[in-house]
Amino acid sequence: MRTLVLGGARSGKSAYAEQLVASEAVRYVATAVADPADADFAERIAAHRARRPADWTVVEGDPVAALAEPAPATLIDDLGTWLTGRIDARAAWESPRGIVGPDIDALVTAVAGYSQRLIIVSPEVGFGVIPATASGRLFRDELGTLNQRLADVCDEVFLVVAGQPVRVKPDRASASAAALTDAATPNAPLTAATSAAGADLTATQAVSAAGATATAGAVADAVSEPPLSAAAGDGAGPVLTKPVRISFGPVSGPDPIVWAAAEERQAQLTKPAGALGRLEKLANWVSACQGVCPPKQFERARVVVFAGDHGVARHGVSAYPSEVTAQMVANFLHGGAAVNVLARLADASVRVADIAVDGDTAPEISRHKVRRSSGSIDREDALSEAEVQAALAAGATIADEEIDSGADLLIAGDMGIGNTTPATVLIAAVTDTEPVVAVGRGTGVDDAGWIRKTAAIRDAMWRARPVVKDPVALLRTASGADLAAMAGFLARAAARRTPVILDGVVVTAAAVVADQLAPGARAWWVAGHRSSEPSHTIALKRLDLEPLVEMNMRLGEGSGAVAALPLLRAAVATLGEMATFAEAGVSTADAAADAEPAGA
């Protein structure tokens, strides 16, 4: 992930960039060289040094050389002083524009080829005072060229104005005014609390706001992404305030005209009508989702596993301790989990997102972390209002990232000890189902554990009942940051017209709420399998989805959905690659009847 942070002088761009890697092992590339004769600039350098954590590795020199060696996270601050140094080195202040082109080429090439976490700080020349001289214009023009080229190769770009960062790449600015509601103070900062034991902020919470147009079925996004600032905390991890609400509108379904064309093509293929059963319906659905007939085989199927812990797990509702969540997250990263094995077989790739793991995880997966664990929903809300909005925005942002990177099929997976408890609460609350009918064994609890789990679900449903008609309030009260992020992910995927294979009970619980957030979203989903959890069948009935496979699986992780992916690929292949009767020279029943002599 490469991030470019732009801003004017004293805008807060450096402080914001530092927050993006606050808990990581950081290599800080300082491009400024102190001038003993410039007391003000020396003071600014000293302030930057004092603000940096003592365990950061500081490199003073050329960022191009630094990027030749990998590091877990690299922060370059800033390119204004780097460019000044390059012009100085060439004694080129009176030269025409382009004199430092080779230096810019080298830096852009180094950035484009760097695969580790990278944050670059650069002045945005439009916000600074530029002397009306030849050298001033040279600096302005060269820096403008450099910023534009880096913005092109970076994955995300932020513009910091008066300490407030706004994401400008990917573009989310088109509906900012419409998406902000009176539940939030526009451009107000979020705050984060860290534990007294020294827990670090692991991510900037990218709190997006989104609206949708029902006619186009697309979501117009708006992001107001304020910085997190450290404050005294209670050990629960980041605590967000002043929420920016994200909203999802109605979603139009797959293309009905293309669907009809797919049905017509099915009738022309070298097989009896309907002989491939559900494969034919699946192929028609994929074709309509893609808007083309025949459909294209999936080129980048992507699994995103949303990980989070749940406070209710402390009360004996699971057969495993919460520590397993973080351990399994590490297993995903090393490719050793069931979903990794199945994904390799099905030609899919796996991403893990730490949304609420109760512990530290690898920096590359914790960028969207909302908090450490969610509240125990049988006695307290899972999330604050700001946290549920941050979680929804995190899920929507992850969907955007994957789709913008070329994903043409998405699968949501889950990992979190105790997560079947909030999943069952959501399903039972929305469908008005008695707890004893909906509660399953989860990770395999014994009878006593089942009784504790049922009691916790009953109490959580009692708390959820007053807000059951409000999907956001329901997520805040009775879910968890991971489920809320999944709901945002599924709603955004539908709005972006990207098909999804749903997994088991946890993902499908999030889907039930996502279909309320974005009415019509269910048309973009297919159920991969039926879990052995009773509430999963209830949720599938609610969504009117029939599972592709039934293997009595209850693992989660996205494993059931990935196991079904080859069937979906088979459906696409049959519609896209089978010969028609005309192409194969095979007679049809109609053709044989037409050829039979009259009166025979």
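Student: What makes the meeting of Glu-385, Val-388, Gln-389 and Leu-392 in helix 12 with Val-472, Leu-475 and Arg-476 in helix 16 a contact?

Tutor: Contact means heavy atoms within 4.5 Å, and these residues of helix 12 and helix 16 meet. They divide into four nonpolar, one polar and two charged, where Ala, Val, Leu, Ile, Met, Phe, Trp, Tyr, Cys and Pro count as nonpolar, Asp, Glu, Lys and Arg as charged, and the others, Gly among them, as polar. One thing to keep in mind: this is a predicted model, in which local features need pLDDT of at least 70 and side-chain atom pairs pLDDT 80 or more, while totals for chains, interfaces and linings use all residues. Residues are numbered from 1 along each chain as its sequence is written, and side-chain values use heavy atoms, with hydrogens and water left out.

Student: Why is helix 12 called roughly perpendicular to helix 16?

Tutor: The two axes, which are lines fitted to C-alpha atoms over the stretch in contact, with angles from 0 to 180 degrees between N-to-C directions, cross at roughly 110° and come within 9 Å. Under 35 degrees counts as roughly parallel, over 145 as roughly antiparallel, 65 to 115 as roughly perpendicular and the rest as oblique. Helix 12 is therefore roughly perpendicular to helix 16.

Student: And what are helix 4 and helix 6 called by that scheme, roughly perpendicular or oblique?

Tutor: Their axes cross at roughly 125° and come within 11 Å. Helix 4 and helix 6 are therefore oblique to each other. Their crossing is also right-handed: this term is for a near helix turned clockwise from the far one by less than a right angle, and left-handed is for anticlockwise.

Student: Which residues make that contact between helix 4 and helix 6?

Tutor: Helix 4 brings Leu-79, Gly-80, Trp-82, Leu-83, Thr-84 and Ile-87, and helix 6 brings Leu-138, Phe-139, Glu-142, Leu-143, Leu-146 and Leu-150. The contact comes to nine nonpolar, two polar and one charged.

Student: How do you know that helix 16 is largely enclosed by the rest of the structure?

Tutor: Buried means under 20% relative accessible area, exposed over 50%, and partly exposed in between (1.4 Å probe, protein chains only). Eight of the eight residues of helix 16 (residues 471-478) are buried, so helix 16 is largely enclosed. Its buried residues pack against helix 12, helix 13, helix 15, helix 17 and helix 18. Across the chain of 600 residues, 55% count as buried.

Student: What caps the N-terminal end of helix 16?

Tutor: Asp-470 does, with a side-chain oxygen 3.2 Å from the backbone nitrogen of Val-472. A polar contact is a pair of N or O atoms within 3.5 Å; within protein, one must be able to donate a hydrogen and the other to accept it, and residues adjacent in sequence count only if both atoms are side-chain atoms. Another pair, the side chains of Arg-117 and Thr-3, is joined by a polar contact of 2.9 Å.

Student: Why is Arg-117 called buried?

Tutor: Arg-117 has a relative accessible area of 10%, under the cut-off, so it is buried. Arg-117 is in strand 5 (residues 117-123). Ala-356, in strand 13, is buried too, with 0%.

Student: Which residues does Ala-356 contact, leaving aside its neighbours within four places in sequence?

Tutor: Ala-307, Gly-308, Asp-309, Arg-371, Arg-372, Ser-373, Ser-374 and Ala-481.

Student: What is Gly-85 called, buried or partly exposed?

Tutor: Its relative accessible area is 32%, so Gly-85 is partly exposed. Gly-85 lies in helix 4.

Student: What makes Asp-432 count as exposed?

Tutor: Its relative accessibility is 69%, over the cut-off, so Asp-432 counts as exposed. Asp-432 lies in the loop between helix 13 and helix 14 and has a positive phi of about 55° although it is not a glycine. Asp-347, with 51%, is exposed as well, and its phi is near 60°.

Student: What counts as a helix or a strand here?

Tutor: Helices (H or I, at least four residues) and strands (E, at least two) are DSSP runs, numbered from the N terminus. By that count the chain comes to 22 helices and 16 strands.
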